[in-house]
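Reader: I'd like to learn how to read the packing in a model like this. Can you walk me through it?

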Amino acid sequence: MKIIVEQLESEKPIAIVQIQGELDGKTYQTLIQQVQQLHDFGTRYLVLDLSEMTFMSSAGLVGLHTVVMVMRGQQPPDMDSGWNVMREISHQVNNVSGFDPNCKLLQPQPRVQKTLDITGFSQILEIFTDRETAVNSF
Amino acid sequence: MEQLHHLDQTITPDDVDTLRHQLEAAIVAVGGDPEAAADMILALNEALVNSVRHGYQGQPGWLRLEIWRDGRSLIVKQYDAAPPFDPTAVPPPDTTLPLALRPLGGMGIHMMRHFTDDLHYAQTTNGYNELTLVKHNAFT
């Protein structure tokens with residue numbers, strides 16, 4: 001897996017993180033570390049560009065959840081959180097839109113989209129098909 | 001039923017990604033539909049992780065995988081010698097519940113169920129775990 005980070009010059013501290021390759025038990029910690037660094041240096045809004053991500057396992061979902069928690073400045077969960085992931089995220093989503101206010105997803109491939117749908121992540125993390133709309137949603 | 005491919009090896013958590021790539025390539029090489037192969041690999045990856053991470057606790061352990069064709073169905077059988085564990089006995093989540101009220105645990109098993117058409121567990125006569133994953137309409 002490779003991660004490409006782009007920090008935007010905008011009023012809000014927004015970064016776009018593109019994940020290339022596979023997000024699984026072997027790689028999800030790398031994503032978390034990268035996002036933790038961004039948060040440490042002031043990023044508060046994140047677009048996760050999934051257009052080049054070819055595979056995501058349940059460990060990858062835990063990675064996504066952890067990223068959401070990190071962007072909120074909260075303690076990440078452990079690997080075995082399972083559906084607890086969803087409970088924690090869903091307790092704190094924006095009451096109006098129903099989506100997390102800090103993290104957005106961009107262009108997941110069909111295989112990844114399926115996983116997001118069947119696990120309920122797509123009910124909580126808003127998915128965009130174009131980058132500008134995703135950035136302007138914050 | 002026709003066996004298309006099999007492997008016996010010692011597996012560690014570091015081997016899971018290589019193994020799933022190998023198996024996906026093997027399924028497609030024998031004429032399996034790429035979409036069905038992709039679904040099978042998503043499910044099988046969770047089964048492999050269960051085996052190495054929970055069954056063998058991250059230690060090297062024996063694994064046998066068999067790929068079968070039965071008519072248009074793709075069947076993958078996974079055997080390991082870890083302590084008995086039946087993932088099909090884990091209750092499915094009630095997906096009609098709001099997310100905040102869903103029970104804990106079992107996301108990987110939920111993916112295994114969703115991405116296969118049938119999922120069976122048995123213990124072999126010599127005490128191995130045997131997990132059978134089935135995907136219908138995987139061959140034309």
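Predicted model: local features only at pLDDT ≥ 70, side-chain atom pairs only at ≥ 80, totals over all residues.

Reader: Okay, how many helices and strands does chain A have?

Author: Chain A has five helices and six strands. Reading from the N terminus, they come in the order β-β-α-β-β-α-α-β-α-β-α. Of the 138 residues in chain A, 54% are buried.

Reader: Which residues have the most contacts inside the largest nonpolar core?

Author: That core holds 63 residues, and the ones with the most contacts inside it are A:Leu31, A:Leu46, A:Leu48, A:Leu116, B:Leu44 and B:Leu65. Its largest share, ten residues, is supplied by helix α2 (residues 34-55) of chain B. There's also a second, separate core of eight residues, with A:Ile16, A:Val47, A:Ala134 and A:Phe138 among them.

Reader: And what does A:Leu46 touch, leaving out residues up to four places away in sequence?

Author: Its partners include A:Ala15, A:Val17, A:Val35, A:Met71 and A:Phe138.

Reader: Now helix pairs. How are two packed helices described?

Author: You give the angle between their axes and the distance between the axes. Here, take α2(B) and helix α3 (residues 107-114) of chain B: their axes come within 8 Å and cross at roughly 145°. The crossing is left-handed.

Reader: Which residues make that contact?

Author: From α2(B), B:Leu42, B:Ala43, B:Glu46, B:Ala47 and B:Asn50; from α3(B), B:Gly108, B:Ile109, B:Met111 and B:Met112. By type, that's six nonpolar, two polar and one charged.

Conventions. Residues numbered from 1 in each chain as written. Chains lettered and ligands numbered in written order. Heavy atoms only, no water. Core = buried A, V, L, I, M, F, W, Y, C linked by side-chain atoms within 4.5 Å. Buried < 20%, exposed > 50% of the residue type's maximum accessible area, 1.4 Å probe, protein only. Helix = DSSP H or I, 4+ residues; strand = E, 2+ residues; numbered from the N terminus. Contact = heavy atoms within 4.5 Å. Axes fitted to C-alpha atoms, helices over the stretch in contact; angles between N-to-C directions. Left-handed = near helix turned anticlockwise from the far one by under 90°. Nonpolar A, V, L, I, M, F, W, Y, C, P; charged D, E, K, R; others polar.
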